[in-house]
Every structure is written in structure tokens, then in C-alpha cells.
Amino acid sequence: MTNRNKTKGSAWERAIVDALHAAGWPFAERRIAGAAKDRGDIAGVPGVVIEAKNTASRNLAAWVDETEVERINDGAWLGVVWHKRTGRAAAVDGYVTMTGRQFLALLGQALDVQPPLPAEDGEAA
């Protein structure tokens with residue numbers, strides 16, 4: 001990664017942390033890179049892995065797959081990709097991408113219900 005890309009990525013991570021702080025998550029912080037088992041870019045939101053992306057090209061499938069590995073590494077129940085929206089600087093204007101399975105888990109938490117989740121691809125229902 002070039003220095004310019006690293007600078008852009010770091011700025012986006014700081015923007016996400018600032019947005020989380022403003023929303024009432026005071027312990028949100030950037031993770032130190034380089035761990036043997038990646039656990040996402042943002043820490044401090046219990047049970048949630050956040051992978052930050054600030055790039056013009058989008059590869060949602062690879063990003064979501066990467067985040068799922070990080071979610072498992074962290075033992076978290078939710079993993080999301082928070083990516084920058086072209087032409088918008090604020091994290092609150094960015095996009096958050098997750099699988100339908102993760103979205104159902106999020107809804108279950110929000111509504112305090114735990115519906116049975118459908119089987120993963122290739123699994124018997």
C-alpha cells in the first residue's frame with residue numbers, strides 16, 4: 001500500500017472513531033495493525049468487528065469475507081465493513097455492508113429477539 005493510501009485509510013478510521021464517539025461509544029479506537037490474527041480496524045464496540053475501507057474501487061464480496069474471518073478471530077457476534085462514500089467526507093454518510101445473516105443478527109439484538117437463522121450456503125436447513 002502506498003503512503004497516500006495508508007494516509008487515506010488512517011483518516012477514514014479516525015472519522016469512524018469520531019462518529020462512534022459522537023454516537024455514545026466512548027471506548028471506540030483504532031486497532032494497532034500487525035496482529036497475527038486480524039480482528040478488524042476499530043475496537044471498543046463490544047461484540048462488533050468493524051473493517052474500514054476508503055478506496056475508489058469496491059470489492060464487497062472480498063471485504064465481507066475478510067470481515068467474517070476477523071469476526072471469528074475476535075469472537076464477535078457482528079462484523080461489518082464501513083466504507084467511504086465517494087464525494088462524502090463524513091463517516092455517517094458512508095456505507096455499512098454486512099451479510100443478510102449478520103443483518104438478521106443485528107435486528108435480533110435491536111428487537112431483543114433471536115429468530116432462527118437460515119442455514120449457510122451448502123448446509124442443510
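Trainee: Before we look at the helices, what is the expected span of a helix?
Mentor: The expected span is 1.5 Å times one less than the number of residues in the helix. Please keep in mind that this is a predicted model.

Trainee: How does H2 compare with what is expected at 1.5 Å a residue?
Mentor: Helix H2 covers residues 60-74, which makes 15 residues. From first C-alpha to last, H2 reaches 21 Å, close to the expected 21 Å.

Trainee: Which residues of H2 are buried?
Mentor: The buried residues in H2 are Trp63, Val64, Thr67, Glu70 and Arg71. They sit on the same side of H2, because the arc they cover around the axis is only 120°.

Trainee: Which residue just after H2 takes a positive phi?
Mentor: That is Gly75, with a phi of about 70°.

Trainee: Moving to H3, how many residues does it have, and what does it reach?
Mentor: H3 has twelve residues and reaches 16 Å between its first and last C-alpha, close to the 16 Å expected.

Trainee: Which residues are buried in H3?
Mentor: Gln102, Ala105 and Gly108 are buried in H3. Viewed down the axis of H3, the buried residues fall within an arc of 120°, so they line one face of the helix. The face turned away from that buried side carries Ala110 and Leu111, which are exposed.

Trainee: What do the buried residues of H3 pack against?
Mentor: Their partners are H2 and E4. Just after H3, Asp112 takes a positive phi of about 60°.

Trainee: Changing topic, in what order do the elements of the chain run?
Mentor: Starting at the N terminus, the order is α-β-β-β-α-β-β-α. That comes to three helices and five strands.

Trainee: How many of the residues count as buried, as a percentage?
Mentor: The chain has 125 residues, and 30% of them count as buried. The accessible surface comes to about 8000 Å², with 56% belonging to carbon and sulfur atoms.

Trainee: What about contacts between residues 24 or more positions apart?
Mentor: Those residues account for 47% of the chain's contacts with a separation of 6 or more.

Conventions. Residues numbered from 1 in each chain as written. Predicted model: local features only at pLDDT ≥ 70, side-chain atom pairs only at ≥ 80, totals over all residues. Heavy atoms only, no water. Helix = DSSP H or I, 4+ residues; strand = E, 2+ residues; numbered from the N terminus. Buried < 20%, exposed > 50% of the residue type's maximum accessible area, 1.4 Å probe, protein only. Contact = heavy atoms within 4.5 Å. Areas by Shrake-Rupley, 256 points an atom, 1.4 Å probe, with all protein chains shown as cover. Arc of directions from axis to C-beta.
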